[in-house]
Amino acid sequence: MQALYIHNTLTRKKELFKPINPEVVGMYVCGPTLYSDVHIGNCRTFTSFDIMYRYLQHIGYKVRYVRNITDVGHLEDEVAGTGEDRIGKQARLKKLEPMEIVQRYAFGFREVMGLLNILPPSIEPLASGHIIEQIEMTQQIIAQGYAYVHEGNVYFDVEKFAQKHNYGILSGRNLEDQLNNTRDLDGQEEKRGRLDFALWKKAKPEHLMRWNSPWGEGFPGWHIECSAMSQKYLGQTFDIHGGGMDLIPTHHTNEIAQSVGCCTHAPVNYWIHTNMLTLNGQKMSRSLGNVFLPVELFTGMKLAANSPSATPSQALLAEKHPLFDKAYNPMVVRFFMMQTHYASTLDFSNDALQASEKGFNRLMESYNTLYKITPEKTSSFDIKKIQEDCYAAMNDDFNTPVLISHLFECARIINLVNDKKETLTEPDIDLLKKIYQNFIEGIMGITREEQSGKSAEALNGVMNLVLNLRKKAKDNKDYATSDEIRNKLQDAGIQIKDGKEGAAWAML
Ligand code: AMP
Ligand code: ZN
């Protein structure tokens, strides 16, 4: 097994990864709240954990990967724990059952995960399917003295917990600071302390999602679902818990408090947090309204708002999206995300995506060339060393940008050998094929088919048309137009070569 180092939010250090059971890894990642379509920022987080899931399996672990779906309890103000239930609100506005809302967006979510080649988790539990587990955990926390009941609500007593345990262990913030930085209780006077959060909430008469409990009819708080479901499927202490960094100060801090409050020991050994995808430097988020959807990016078109259709791809308007210069292949988007380390912010822009597309095409071209080069008796390169470098990059906290730089080195070598400037032996060519299969396809999850098939056929047709138009321009001595076509294609990454039998084209 490889020595893998992971940056642990809990210790703020890179640590050698040692799972509880030497062969098995338990990993829990906070999934989406399905009250609307997932945006490309959410996808960044799920892509990052997909790569970790793939790599852990690649180096020999059996992984149980649990990624939940939140379908109840996530209120509008998630920090203060106030406002309407996000799914309940959509159900009210659209005059649908909450389950219809969740079903609609679950379809879209899975469609997008499929397009991005994100592997399905081993278990995808719904919060509403685990009400009993959440009630039981809440009862245990009450029995331990860390929660209190007030008129049908159950609150976690943060200050009492903090007398014995470090409430801010994950965020590194001390209680004083957190108390000082939290708003007054405004309207929530039933709470003893301003950091207290709901484990169970009494349902108002108009509230749609409600269940019986020892405290009356109500619904669970958002944080308790992840504690209850991770414990159910992975045990009281498990290896990895992940999610976006935005979840550290509240959701994950409270998850730890609940598990420690219920069972006295810490639930997770390694906390991994992904950084945010930003648009013009601002976090992409549904509450800020600066989101766009993966399907819009993959088609370059705008999605109709409030479409009743079943999946996002069926709801596209034939209208160009104002944010994108063109449509991007989902595999290019995946590659773009991996060119930045998961713990750094990733700013979205057309320029950055176009640069990624060029790099992606170069790498995938070299993949095809690799199967065409002829072996020689000697090798000018140490391919084994490059393979070691690829593993070293991934073992260094899943460092995909460094991995990609090694893969570009492979591409450079392949092109030099193809141009007969350098040589490789047959075993080295085979090793390169193995590196490409393992790292590009297996670990980075980039499929090759997208390059060929229908899209290649369509491109061929379009290029024949363009070359015919250019020939017509030339025949009419309209050299300005024919040059413009050549130059514009060059900018788009397509080179035109004029020969005796007419013009030919190639991807740069
Ligand atoms: P939500 O449905 O908003 O609870 O988010 C689901 C997951 O996506 C969580 O792990 C969030 O931390 C993550 N997430 C939300 N916004 C972004 C973003 N702009 N960039 C990266 N991850 C995000
Ligand atoms: Zn969660």
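**Exercise 1.** Find which residues are closest to ligand 1 and how many surround it.

*Solution.* Start with the shell: 20 residues surround ligand 1, each with a heavy atom within 4 Å of it. The closest are Thr45, Asp246, Leu277, Met284 and Arg286. Next, sort the shell by class: it has seven nonpolar, 10 polar and three charged residues. Here Ala, Val, Leu, Ile, Met, Phe, Trp, Tyr, Cys and Pro count as nonpolar, Asp, Glu, Lys and Arg as charged, and the others, Gly among them, as polar.

A word on the model: it is predicted, so local features need pLDDT of at least 70 and side-chain atom pairs 80 or more, while totals for chains, interfaces and linings use all residues. Residues are numbered from 1 along each chain, chains are lettered from A and ligands numbered from 1 in the order written, and side-chain values use heavy atoms, without hydrogens and water.

**Exercise 2.** List polar contacts of ligand 1 with Gly244, Asp246 and Met284.

*Solution.* Look for N or O atom pairs within 3.5 Å. First, a polar side-chain atom of Asp246 lies 2.5 Å from a ligand oxygen. Then a polar backbone atom of Met284 is 2.8 Å from a ligand nitrogen. Finally, a backbone N or O atom of Gly244 sits 3.1 Å from a ligand oxygen.

**Exercise 3.** Work out where ligand 1 lies relative to domain 1 and domain 2.

*Solution.* Take the domain bounds from an automatic or database assignment: domain 1 is 5–274 and domain 2 is 282–443. Both give residues to the shell, so ligand 1 lies between them.

Notes:
A polar contact is a pair of N or O atoms within 3.5 Å; within protein, one must be able to donate a hydrogen and the other to accept it, and residues adjacent in sequence count only if both atoms are side-chain atoms.
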